[in-house]
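Biologist: Please take one part of this model and go through it closely. I would like the strand pairing and what surrounds it.

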Amino acid sequence: MSSYASNKLMTLREAIARFVHDGDTVYCAGFTHLIPFAAGHEIIRQRRRDLVLARATPDLIYDQMVAAGCARKLIFSWGGNPGVGMLRAVRTAVESGRLEIEEYSHFAMITRLTAGAAGLPFLPMRPTGNDLPRVNPQYRTVRCPYTGMDLTTVPALNPDVAIIHAQRADAQGNTQIWGVIGEQREAAFAAKRVIVTVEEIVPSEVIRSDPNRTLIPDFIISAVVHEPYAAHPSYTQGYYDRDNPFYLAWDQLTAEPGGLERYLEEWVYGVPDRRTYWEKLGPEVHARLAVQPAYSQPVNYGRFD
Amino acid sequence: MEGYTSSEMMVVAAARLLRDGEVVFVGIGQPNLACNLARRRHAPNLNLIYEAGIIGAQPARLPLSIGDPCLVSGAAAVCSMYEIFAFYLQNGRIDVGFLGGAQIDRYGNINATVIGDYAKPRVRLPGSGGAAEIAAWAHRVLLLTPHQPRRFPERCDFITAAGYLRGRHERQAAGLRGDGPVAVVTDLGILAPDDSGELVLIALHPGATLEQARANTGWPLRAAPDLRTTEPPTAEELRLLREELDPQRIYLKG
């Protein structure tokens with residue numbers, strides 16, 4: 001049955017207004033790849049407050065959302081600007097006591113989501129001998145009933161809303177992702193509501209010609225948004241490259257007094273949507289991020305009609 | 001030093017510690033250069049695995065982030081983050097893990113979290129990422145870091161990733177896998193654990209002295225009885241690094 005199908009396609013403005021509320025725990029998924037920046041910017045524009053922002057790598061998206069005053073707490077496992085240095089807005093907010101933190105290692109963070117996705121209260125991990133359990137009481141231990149081994153546990157993470165960016169989906173929300181698949185599927189299945197933004201809306205026949213590439217099926221998805229370039233300055237495999245110069249520039253921009261505020265004013269509050277943002281980046285940036293195609297070979301699923 | 005930088009010496013020394021056919025969990029920056037140098041030299045069958053869930057990567061350019069798209073194109077497989085940590089690291093499928101860190105202490109423990117107290121840190125660092133699991137579950141761990149006193153304290157302010165904790169027996173008792181941090185490559189030489197797990201100097205790079213290494217280490221650094229001198233980089237190693245692997249010298253300065 002697809003009675004839920006046709007009303008899921010909407011604008012990003014509508015999706016954020018309907019599915020992201022003040023005080024929500026939000027998981028913007030994507031490990032380096034497919035980070036949903038357009039959705040982050042729309043959350044800033046709609047001035048959401050008191051969010052608990054969860055992500056393995058807060059990246060620039062949470063630096064921007066923290067700078068804009070959207071967050072009261074950050075749950076994370078690596079809080080830097082990848083390959084560059086630090087996240088200054090996050091650091092300033094933590095140091096001034098405006099932002100609470102809850103810290104894990106990557107595996108513990110992803111294990112929390114996996115437990116959430118699997119409907120379990122917690123999952124065990126082998127011990128790592130580090131000091132994080134000393135400072136984060138969410139780490140506990142359990143004795144294995146089969147071997148007697150002491151295992152480390154972390155509780156399920158079930159975000160109120162997960163936001164996923166993907167290469168393509170059909171209008172019903174069957175979502176295909178390739179390249180780095182990070183924690184998108186775990187985040188979607190763990191969350192109560194799921195917003196997916198995509199580079200392309202394609203006919204269902206395209207999705208159904210290659211079902212192994214579908215990471216998230218339609219009935220898990222709350223909203224489908226056609227939003228090309230929604231991941232910039234992150235990237236979408238096969239569509240556009242990671243904007244490494246932007247990540248480098250962010251470090252300098254946020255080091256200047258008022259730099260963050262000026263950025264938000266010009267590039268977030270100052271543009272109505274992602275299309276305007278992308279046009280504003282201009283042809284030089286578009287050319288720099290263009291990628292040459294490298295197609296996979298088709299596979300044969302067989303016909304049975 | 002003559003004709004090469006200390007970064008080049010570090011990368012070359014680290015590359016030589018890798019063996020052909022090994023499965024290596026690669027980090028970005030100098031570890032990435034070391035692995036790709038080894039793959040082009042003595043270890044053509046080195047299997048490069050990146051934290052983003054990429055197996056058998058053959059990057060055509062220098063990746064600037066751990067999830068760079070160039071790592072995916074041409075790779076043997078891509079998997080989820082849960083799988084890379086659970087099926088590969090936790091299950092003992094990784095031979096070698098590469099790590100850096102703001103602090104490395106006498107027993108090879110790594111701090112990448114805070115300098116000072118956790119609740120009121122003097123310096124807040126990015127945190128573990130995958131370091132905790134790489135250090136605990138790879139069969140052996142190689143560390144790469146410049147040799148400076150603030151980076152080599154007697155004891156880390158915070159253990160982000162376990163070496164030998166307070167001695168080799170403690171690593172075993174904690175239920176961790178493998179041989180732990182078997183080598184620390186610095187710009188002055190190479191440190192390796194003795195029987196107790198304490199890091200001692202086993203090699204000096206050409207031009208570096210024992211006194212220099214001691215002056216830049218936060219504990220009374222001992223030299224191994226058979227302290228050796230590292231072979232300098234060969235012309236071919238330098239050519240590969242400079243012309244193919246990091247032509248813009250992003251990770252080879254200084």
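Modeller: B:Leu144 has B:Val185 of β11(B) as its bridge partner. The two strands involved, β10 (residues 140-144) and β11 (residues 181-185) of chain B, run parallel and are joined by four bridges. Strands here are DSSP runs of E with at least two residues, helices are runs of H or I with at least four residues, and both are numbered from the N terminus. Two strands pair if DSSP finds at least two bridges between them.

This is a predicted model, in which local features need pLDDT of at least 70 and side-chain atom pairs count only at pLDDT 80 or more, while totals for chains, interfaces and linings use all residues. Residues are numbered from 1 along each chain as its sequence is written, and chains are lettered from A and ligands numbered from 1 in the order in which they are written.

β10 and β11 belong to an open sheet of 10 strands in chain B, with mixed pairing and the order β4-β3-β2-β1-β5-β10-β11-β12-β13-β14. At its edges stand β4 (77-78) and β14 (223-229) of chain B, each with a single partner strand, so one side of each has no neighbour in the sheet.

Helix α2 (residues 30-40) of chain B lies across β10 as well as β1 (23-26), β2 (47-50) and β5 (96-99) of chain B. α2(B) runs at about 150° to β1(B); axes are lines fitted to C-alpha atoms, for helices over the stretch in contact, and angles run from 0 to 180 degrees between N-to-C directions. Residues are in contact if their C-beta atoms, placed from the backbone, lie within 7 Å.

Chain B also touches chain A, in a contact that takes 39 residues from chain B and 40 residues from chain A. On the chain B side, the elements giving two or more residues are α3 (69-72), α4 (81-90) and α5 (131-137).

Technical notes:
Contact = placed C-beta atoms within 7 Å.
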